[in-house]
Amino acid sequence: MIVGSDVPGITPDHIDNGFRALGVSDAVMGPAPDGGYWLIGLRRHPRVLRPFADVRWSTQFAMDDTKYNLKGNYISIIQLLRDVDDHVDWRLWRRGEL
C-alpha cells in the first residue's frame, strides 16, 4: 500500500480501513476530490505489472486512468480525503477549512 504524503487528515483508522479492504479485494484506492487518490494498495496476486502506465498525473483523470490499468481486478474504494496540492489548499488546511 502506498499513501500520499500530502494528506494532513489521514489517521491510523484510514490506513487500517485500507488494509481491511485490501484483504477482500485485488486493489484498494482512497479517492481525493480532485480526481486523484491519496492511497493505493495492490495484492501480490493477481499481479498487475503496470498500474501507473500512462496515468495523467495531477489531473482529474488520475484515478480513472489507474482504475483502467487495473481492469479485470476487484477494486475497493475507501474514504474520500483531501490532499494539499498547492498554496491555496495549504492555507485552507492551516485555517482548519480543509
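Author: Let's start with pockets. On a 1 Å grid over the protein atoms alone, a pocket is an open set of points where a 1.4 Å probe fits, with protein on both sides within 12 Å along at least five of seven lines, and its lining residues have an atom within 4 Å of a point. Grid points are joined across faces, edges and corners, and the volume is the space filled by probe spheres set on the points. In this structure, the largest pocket holds about 320 Å³ of space.

Reader: Before we go on, what sort of model is this?

Author: It's a predicted one: local features need pLDDT of at least 70 and side-chain atom pairs count only at pLDDT 80 or more, while totals for chains, interfaces and linings use all residues. Residues are numbered from 1 along each chain as its sequence is written, and side-chain values use heavy atoms, with hydrogens and water left out.

Reader: Back to the pocket, then. Which residues lie nearest its centre?

Author: Look for Gly36, Tyr37, Trp57, Ala62 and Asp83, out of a lining of 18 residues. Two elements give two or more residues to that lining: β1 (2-3) and β3 (37-42). By element I mean a DSSP run, numbered from the N terminus: a helix is H or I with at least four residues, a strand is E with at least two. β3 gives the most to the lining, with 4 residues.

Reader: How many of the lining residues are nonpolar, polar and charged?

Author: The lining has 9 nonpolar, 5 polar and 4 charged residues. Here Ala, Val, Leu, Ile, Met, Phe, Trp, Tyr, Cys and Pro count as nonpolar, Asp, Glu, Lys and Arg as charged, and the others, Gly among them, as polar.

Reader: Now helices. Which residues of α1 are buried?

Author: Buried means under 20% relative accessible area, exposed means over 50%, and partly exposed is in between (1.4 Å probe, protein chains only). In helix α1 (residues 12-22), His14, Gly18, Ala21 and Leu22 are buried. They sit on the same side of α1, because they cover an arc of only 100° around the axis; that arc is taken from the directions from the helix axis to the C-beta atoms. On the other side of α1, you'll find Pro12, Asp13, Phe19 and Arg20 exposed.

Reader: What covers the buried residues of α1?

Author: The cover includes β2 (27-31), β3 and β4 (75-77).

Reader: And α2, which of its residues are buried?

Author: Ala62, Met63, Asp65 and Thr66. Down the axis of α2 they fall within an arc of 160°, so they line one face of the helix. They pack against β2, β3 and β4. Take Asp65, which is in helix α2: at 12% relative accessibility, Asp65 counts as buried. Leaving out residues up to four places away in sequence, Asp65 touches Asp54, Val55 and Arg56; contact means heavy atoms within 4.5 Å.

Reader: Which residues make up the largest nonpolar core?

Author: A nonpolar core is a set of buried Ala, Val, Leu, Ile, Met, Phe, Trp, Tyr and Cys residues joined through side-chain atoms within 4.5 Å. The largest one here has 8 residues: Val7, Ala21, Leu22, Val28, Trp38, Leu39, Ile78 and Leu81. α1 and β3 each supply at least two residues of this core. There's also a second, separate core of 6 residues, with Ala27, Met29, Ile40 and Met63 among them.

Reader: Let's do backbone angles. Where is Asp54 placed?

Author: Most residues other than glycine have a negative phi. Asp54 has a positive phi, near 60°, and its place is the loop between β3 and α2 (62-69). Asp54 is exposed, with a relative accessible area of 71%. Ser58 isn't a glycine either and has a positive phi of about 60°. Ser58 lies in the loop between β3 and α2 and counts as exposed at 80% relative accessibility.

Reader: Is Gly35 buried or exposed?

Author: Gly35 is buried, at 18% relative accessible area, in the loop between β2 and β3. Setting aside neighbours within four places in sequence, Gly35 is in contact with Thr59, Gln60, Phe61, Ala62 and Met63.

Reader: And which residues does Ile2 touch?

Author: Ile2, in strand β1, touches Trp38, Leu39, Ile40 and Phe52, not counting residues up to four places away in sequence.
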